Structure formats: structure tokens, C-alpha cells
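Work through the following exercises with the sequence and the model at hand.

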Amino acid sequence: MNKKKFRLHKEITIIGGAGHVGLAFALICASKNIRVHIHDINKHSLNLISKGILPHKEKNGLKLLQNALNKNLISFSSEIEQIKLNKINVVCLGTPIDEFLNPQYNILINTIKKLMKIINSNNHLIIRSTVFPGTTRFLHQLLENNNKKIKMSFFPERFVQGLALEEFKKFPHIIGSIDKKSENDCKKFLKIFTNEIITMKPEEAEITKLFLNSYRYIQFSIANQFFKIADTANLDYKKINFAMKHNYKRGNIPSPGFTAGPCLFKDTMQLSAFSKDNFSLGMEAMTTNEGIVNYIVDKIKKKYDLRKKTIGILGMSFKAESDDTRNSLSYKLKKILVLYSKKVLTTDPYVKNDPDLKSFEFVNKNSDILIIATPHKFYSKIKTKKTIFNIWLEA
């Protein structure tokens with residue numbers, strides 16, 4: 001398509017732009033005729049994106065990507081020396097926790113230090129990563145200490161993974177800017193997408209995101225505890241769940257199941273660290289959600305001599321209809337079962353980054369017991385004579 005046939009709003013840079021959060025925002029921006037420079041150290045993902053292939057599942061993302069490439073709206077870099085900073089620069093880097101369940105700052109800090117030589121007063125850094133409260137102000141101070149006076153804001157993502165393009169336009173957007181100048185600049189940019197913008201202090205915006213994810217994590221832990229209480233008493237939780245929810249709006253309780261992934265657990269632990277370990281609900285939720293795997297294994301061990309059984313695990317991504325295996329409890333289940341069973345086989349219709357996966361047909365044929373670890377819709381349609389253990393109510 002001829003570039004003169006559409007109006008180019010502006011140009012931005014997205015650091016970490018090949019990941020789930022960064023690429024989704026890149027496609028959203030490109031859909032508004034914003035030219036996007038994607039910087040990411042994941043050369044494999046960059047190569048796929050440049051060829052019009054999504055490196056992960058994102059509903060309706062393929063069409064937007066191909067349109068953006070056809071309009072020449074996306075450029076790429078993988079080395080810091082090649083990066084092109086713009087007036088607006090959005091940081092979408094992963095923010096993991098360490099082995100002590102405390103947040104790791106080094107990824108963001110090291111990136112800022114590497115950019116120090118090329119950052120100037122015209123740049124605005126917008127942090128879209130989920131961070132420990134105080135991180136935005138800390139990074140701004142780090143730059144100021146090195147005579148870099150730039151604008152900085154925190155702008156959290158709040159979408160369900162895989163549905164970012166749908167959800168981005170449904171909800172208000174939150175920003176926490178370091179000062180009024182940064183706030184006005186960030187609002188001016190975001191008004192390309194929405195008129196509903198909530199402004200607050202950076203720390204307030206940062207903790208809002210942690211509160212939301214921790215709340216969801218605790219909700220799932222309640223469902224898992226309810227399931228364990230009913231199951232231990234030999235009661236049918238599926239019937240109980242239906243009775244609680246059917247035509248009763250205050251009974252909207254999530255399904256029990258494996259609750260993990262790259263956000264809920266991590267952000268609950270970040271909030272616990274921020275509260276100086278005074279977040280007992282969050283820690284109890286972690287114990288319950290992580291412990292549900294052991295509960296399922298113990299339940300199966302009571303019925304069968306697993307030393308003589310081959311176990312097939314159905315679903316290795318952390319949630320249904322996803323290809324993302326990060327922090328998936330399916331792998332914790334696999335590790336535990338390897339210790340007790342004759343053999344463990346795994347399968348998933350979406351995951352592509354695990355060479356150990358087999359086809360469903362192979363796993364079904366060669367397993368004695370099947371466990372639905374991830375409730376992909378595919379598994380609700382399977383026909384098998386094998387024993388199936390399923391904690392999920394909808395699968």
C-alpha cells in the first residue's frame with residue numbers, strides 16, 4: 001500500500017515489542033497508522049513477525065500484523081546499538097521474581113543503563129511492564145542522577161492474554177506520570193486510542209495493577225479450596241458449583257483448576273514483598289493454588305499403583321486456548337508424576353516450544369490414566385475409554 005494513502009499519526013518505539021504485551025500494543029498502534037519500531041533480543045520472534053507470522057496466539061492479531069507490514073509501519077532491532085528511540089518509547093519487558101519470591105529489578109535497570117547514552121530530553125519513557133511500587137520513580141531518579149531529564153509514566157496493561165486487541169478498547173486506561181508535564185504528554189498520546197484515562201501517582205498506578213492480579217489469584221484459590229473441601233467429603237463439587245451460580249449473580253465463583261501463568265502468581269508475590277510480608281491472604285492463596293497439584297497426585301495415588309501406570313497429561317500451557325507455557329503448573333504436575341509413575345506422556349494442541357510433546361492420539365493410546373491439566377476446548381470433545389482425572393468443571 002502506498003504510504004501517502006493513509007495518515008501517519010507519529011512514530012513510537014516499543015522495547016520488548018516481540019512479547020505478549022509489547023507485540024499486542026505494537027499492533028494496536030499500527031492499526032491507528034502509528035509507525036512502530038520494535039526492539040527485542042528475541043531474534044527468533046522478530047524473524048517470525050517480520051515474515052507476518054505471530055510468535056504466539058493473539059486473537060485477530062494476524063490480520064493486523066499483515067496490514068502493518070503491508071503499510072511498512074513496523075521496523076525491528078535486536079541490538080541496543082540499532083535501537084531507534086522516539087518521542088514516545090514504551091517499555092514492555094518481563095519482570096520476574098527471584099528464588100526468594102522477591103521482584104527482580106535488574107532487567108529494567110540494565111536496560112535503562114544501556115539506553116543512557118542515547119536518551120535525551122525529547123524522550124518519554126512509558127513503562128508498561130508490571131512493576132514493584134516505586135519502580136517508575138526510581139528509574140526516573142536514576143536517569144536524573146545521570147543528567148537525563150526526560151518524561152516518564154507508568155501505563156499498565158490490563159487485558160486477558162490472547163485477547164488484548166479486543167479488550168484494549170473496552171476499558172479505561174490508567175496512567176501514573178512522574179510529573180504534570182509527563183502526564184499531559186502521555187494523555188495526548190493515549191487520546192489517539194481512548195478518551196477515558198484515569199490519572200494517579202506512579203505508585204498508585206503500580207499498586208493498582210498488583211491489587212487486580214492478586215485479587216484474581218485469591219479468587220481462584222477460594223475455588224480450589226472449596227473444591228478440596230467438597231472432594232475430601234466425597235461430595236460432587238460440580239453440582240455444588242452449579243447450585244451456587246445458577247441464576248444467582250452473587251455466586252459468580254471461578255472454576256477450580258491450575259492457577260499460574262506469568263502474572264497472577266508473580267504479582268501476588270510482588271505485593272507480598274511490598275507489604276513487607278504482611279499479605280497473608282496472598283500467601284495463603286499461593287499455598288492453595290500451588291498445592292492443588294499435589295492434591296491431584298495424592299488423589300490418584302490412593303486409587304492406583306502409579307509405578308505400574310503410564311500417565312498422560314493433557315494440556316501444558318498455563319491456561320485454556322493458549323500456547324504460553326510460562327509458569328504452567330502442568331510442568332509441576334509432570335515433575336511430581338515422574339517420581340511416582342512408570343512413565344509420563346504430555347500433549348497440547350497449541351504449544352510449539354516443547355520437543356517432548358506427543359500427539360493426543362499417541363498419548364491416549366499409550367497411557368493408562370489421563371489428566372486434564374489445561375481445559376482446552378479440544379478435550380471436551382475427546383472420546384476415550386481411559387480413566388480421566390479432571391478438576392476443571394467446564395472441560
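This is a predicted model: local features need pLDDT of at least 70, side-chain atom pairs count only at pLDDT 80 or more; totals for chains, interfaces and linings use all residues.

Residues are numbered from 1 along each chain as its sequence is written, and side-chain values use heavy atoms, with hydrogens and water left out.

**Exercise 1.** Determine how the axes of helices H5 and H8 cross, and which residues meet.

*Solution.* Helices (H or I, at least four residues) and strands (E, at least two) are DSSP runs, numbered from the N terminus. Step 1: two packed helices are described by the angle between their axes and the distance between the axes. Step 2: the axes of H5 (residues 135-145) and H8 come within 8 Å and cross at roughly 135°. Axes are lines fitted to C-alpha atoms, for helices over the stretch in contact, and angles run from 0 to 180 degrees between N-to-C directions. Step 3: angles under 35 degrees count as roughly parallel, over 145 as roughly antiparallel, 65 to 115 as roughly perpendicular and the rest as oblique. H5 and H8 are therefore oblique to each other. Step 4: Thr135, Thr136 and Arg137 of H5 meet Pro202, Glu203 and Glu206 of H8, where contact means heavy atoms within 4.5 Å.

**Exercise 2.** Describe the salt bridge of Lys87 and Asp185, and classify both residues as buried, partly exposed or exposed.

*Solution.* Step 1: a salt bridge is a side-chain nitrogen of Lys or Arg within 4 Å of a carboxyl oxygen of Asp or Glu. The closest N and O atoms of Lys87 and Asp185 are 3.5 Å apart. Step 2: Lys87 lies in the loop between strands S3 (74-77) and S4 (88-91) and Asp185 in helix H7 (residues 180-190), so the pair ties together parts that are 98 residues apart in sequence. Step 3: buried means under 20% relative accessible area, exposed over 50%, partly exposed in between (1.4 Å probe, protein chains only). Lys87, at 43%, is partly exposed, whereas Asp185, at 11%, is buried.
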